[in-house]
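Subject: Handing over the two-chain model

Hi there,

Here is the structure I promised to pass on to you. Please open it alongside this message, and my notes follow below.

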Amino acid sequence: MSTFLTEEPTQVTDAPVSTRLSSLDTLESEAIHIIREVVAEFEKPALLFSGGKDSVVMLHLATKAFWPGKVPFPVLHVDTGHNFPEVIEFRDRTVERLGLKLVVGSVQEFIDSGELAERADGTRNPLQTVPLLDAIQRNKFDAVFGGGRRDEDKARAKERILSLRDEFGQWDPRNQRPELWNLYNGRHTVGQHVRAFPISNWTELDVWRYIERENIELPGLYYAHEREVFARDGMWRAVGEVSQPRDHEEVITKTVRYRTVGDMSCTGAVESAAATVRDVVIEVAASTITERGATRADDRISEAAMEDRKKDGYF
Amino acid sequence: MSTETFLAGPDLASAALPTTLFRFATAGSVDDGKSTLVGRLLHDSKAILADQLDAVARTSADRGFGGSAGGIDLALLTDGLRAEREQGITIDVAYRYFATDRRSFILADCPGHVQYTKNTVTGASTADAVVVLIDARKGVLEQTRRHLSVLQLLRVAHVIVAVNKIDLVEFSEDVFRAIEADVQQVGRELGLGSDGVADLLVIPVSALDGDNVVDRSDRTPWYDGPALLEVLETLPAADELESHLESFRFPVQLVVRPQGALAPDAVAGGLDPEAYRDYRAYAGQITEGSVKLGDQVSVLTPGQAPRTTTVTGIDFAGRELAEAAAPQSVALRLADEFDVARGDTIAAAGTVREASADVYAALCWLSPKPLREGAKVLVKHGTRTVQALVRNVTGKLDLASFQLEPTTTLELNDIGHAQLRLAAPLPLENYLHHRRTGAFLVIDPLDGNTLAAGLVNDHPGDHEDERYSI
């Protein structure tokens, strides 16, 4: 005979005094719950890992979710070929430290084989979708963790924590499953997969406060450093192999840091003296401009730039 | 170009201090200014950053928006999808984030027109409080009654009614008091605020001009209550109200049993591989109540008698805790080596009773595919999903009159009552007292879509709330 539970509350005379969890503890607990649900319910999950701060936080949460065991899934990097060298170095070191398997989807290979064409503006962030979907299909990943946050963008604000993608990787924002309580429905049919966003409810400031509290290492370019830059589209662009100034663009040395890390050819730096994580927390708390508005040329194209990319299968 | 950043002042340092989290939702009818209110809250609490405001200002100007608030259509701050901006309506629940010195807020903005039940149920399911908007010129409408009825059904702890557009009735106290009386009357009919947990507050606001939204307005001198944001900053959150009144409940998500495969970083950090060779713990999130070392617990596995044992460890990523409470994610070690698996529930010992696989529940039907008697569905409760048969649909709630009508089918946005037979019994509890363990999803076995939100009732006849009994 099986059992149900009674309705009578237990006598909890010696209950501990209620101390509410801080918002960071609550968000951490929610994210770990989601990560464990996905691992328990899916055959083959993977975590999208770029070396950017959100994916680093995701990986940190995964190590906590399965402690003292290893993180039980591989990480997937969609490599634009336009990388900051220190981020690739950080990626490889992290993967080795945690004993993970790294799967790389390469934009360059798709360009070389003619399956993708270089864009007129030279940026490659929008080109990531095809290699991403290819890597998901080839590796038969049925769930892919992403570090997307709802505070990043208006389209992302409508995203579910478990977001179903069809055979073509497309997002249908008008036909999403309702998400109730903490019950996540990850059921999918063959060919479909799910994108999982455990830190959906975190803000940029939460991420930084968590990095500070947990003492999480990040690539050095998140902190103030001297760099040769030039001005373009209202941002400071780093001088690098894929990011060369045009004739009229003057190169100067500035103390800058990055708020996001992506394709070097379209990710801008901000002037900042924030050299430590505490400085960054204070700077982010005071910032009057969003991280994407500040540093991503590709998101400035239109009000619906992110929505359109997401519908095609982007994160 | 100059991305503005300011460095270290004492105020900013405190802005980066830890806060607690509060989740709330907004619900309203078409055109009662909900998106504007949300935009106002975000704008006045300085959660809108300069580039977002610029984008909205550009679009407002393109469309010739001439309202106050500096010519900015605040609704554009929340309407995130292209179709929403084009049609000037909100289609889907949107989540927004802002913080004050006291709290971090997660706001679920629930559209009020088509699919309002689906959206309100979704937003309210995780909310500590819900703000319902009323247009001061229109007063309590049938849709207001529907909204309040859904919130009562979902046991939302705090319901705040914002009487909006109070500027358009010349800040009239008479108008406000009449609406307030109507709201309180509906609340009494529904039993809102009568059980010592839920409460009902009514506030006069102008979302367009900001009266009583963030700061108290001097244009409503007859109102001596708090502004909306003050209320949101001070109401107790659901886990403050509930977590220590309830018995411990812990659905097992997975078993952590690394055997040889220990995390290399943990080993590098000094973890002794020998000591963890036989490590075995049950990972999950505490859904209700709290647990401490040495507590007696029962492991509930469908089809088996409860097995009682002792909690010998509460682990969290290398830290050993003496106690933990909802909503913490932890891993529990138990004294006895039982076979415990995902889908089992660990509960405080002595809080279990005999039961059957028959379930009586309210179903909020969220799918365009109607429910028919005899349907085979999946039920997801906690961490277990089982097959189920819908034996009877016993009634449909008329949300305006709060009466049950006879029916044999439920359609999109209907709330009805049904009897289900489960393939395996689940540790379901009465939703009236258990917002987590009394809730379940109904899933379509064919395409995997979510069909309904389920709220467990007791058997007909011993239901506390006779209005909803059959």
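Two strands are said to pair if DSSP finds at least two bridges between them. Helices (H or I, at least four residues) and strands (E, at least two) are DSSP runs, numbered from the N terminus. Please keep in mind that this is a predicted model, in which local features need pLDDT of at least 70, side-chain atom pairs count only at pLDDT 80 or more, and totals for chains, interfaces and linings use all residues. Residues are numbered from 1 along each chain as its sequence is written, while chains are lettered from A and ligands numbered from 1 in the order in which they are written.

Let me start with the sheet in chain A. Six strands make up an open sheet of mixed pairing, in the order 4-3-2-5-7-6. Strand 4 (102-106) and strand 6 (162-165) of chain A are its edges, each pairing on one side only. On average, neighbouring strands in this sheet are turned by 30 degrees against each other, direction ignored (axes are lines fitted to C-alpha atoms, for helices over the stretch in contact, and angles run from 0 to 180 degrees between N-to-C directions).

Within this sheet, strand 2 (residues 45-48) and strand 3 (residues 75-79) of chain A pair in the parallel sense over two bridges, and L48(A) has L76(A) as its bridge partner in strand 3. Strand 3 of chain A also runs parallel to strand 4 of chain A, with five bridges joining them; here D79(A) is partnered by S106(A). Together with helix 3 (residues 85-98) of chain A, strands 3 and 4 of chain A make a right-handed β-α-β unit (right-handed if, with the strands pointing away from the viewer, the path from the first strand over the helix to the second runs clockwise).

Strand 8 (residues 225-232) and strand 9 (residues 235-238) of chain A run antiparallel and are joined by four bridges, with A231(A) opposite W236(A). Two residues lie between the strands of this hairpin, and D233(A) takes a positive phi near 50 degrees.

On to the domains, whose bounds come from an automatic or database domain assignment. Chain A divides into domain 1 (23-205 + 306-311) and domain 2 (215-299), with 23 Å between their centres, taken over C-alpha atoms. Their contact takes 24 residues from domain 1 and 21 residues from domain 2 of chain A (two residues are in contact if their C-beta atoms, placed from the backbone, lie within 7 Å). On the side of domain 1 of chain A that touches domain 2, helix 2 (53-66) of chain A gives the most, with four residues.

Chain B has 11 helices and 26 strands. Its assignment gives domain 1 (16-242), domain 2 (249-348) and domain 3 (358-468). In chain B, 14 residues of domain 1 are in contact with 14 residues of domain 3, and helix 7 (142-153) of chain B is among the elements giving two or more residues to the domain 1 side. Helix 7 of chain B gives the most there, with five residues.

Finally, contacts between residues at least 6 apart in sequence: in chain A, 76% of them join residues at least 24 apart, and in chain B, 70% do.
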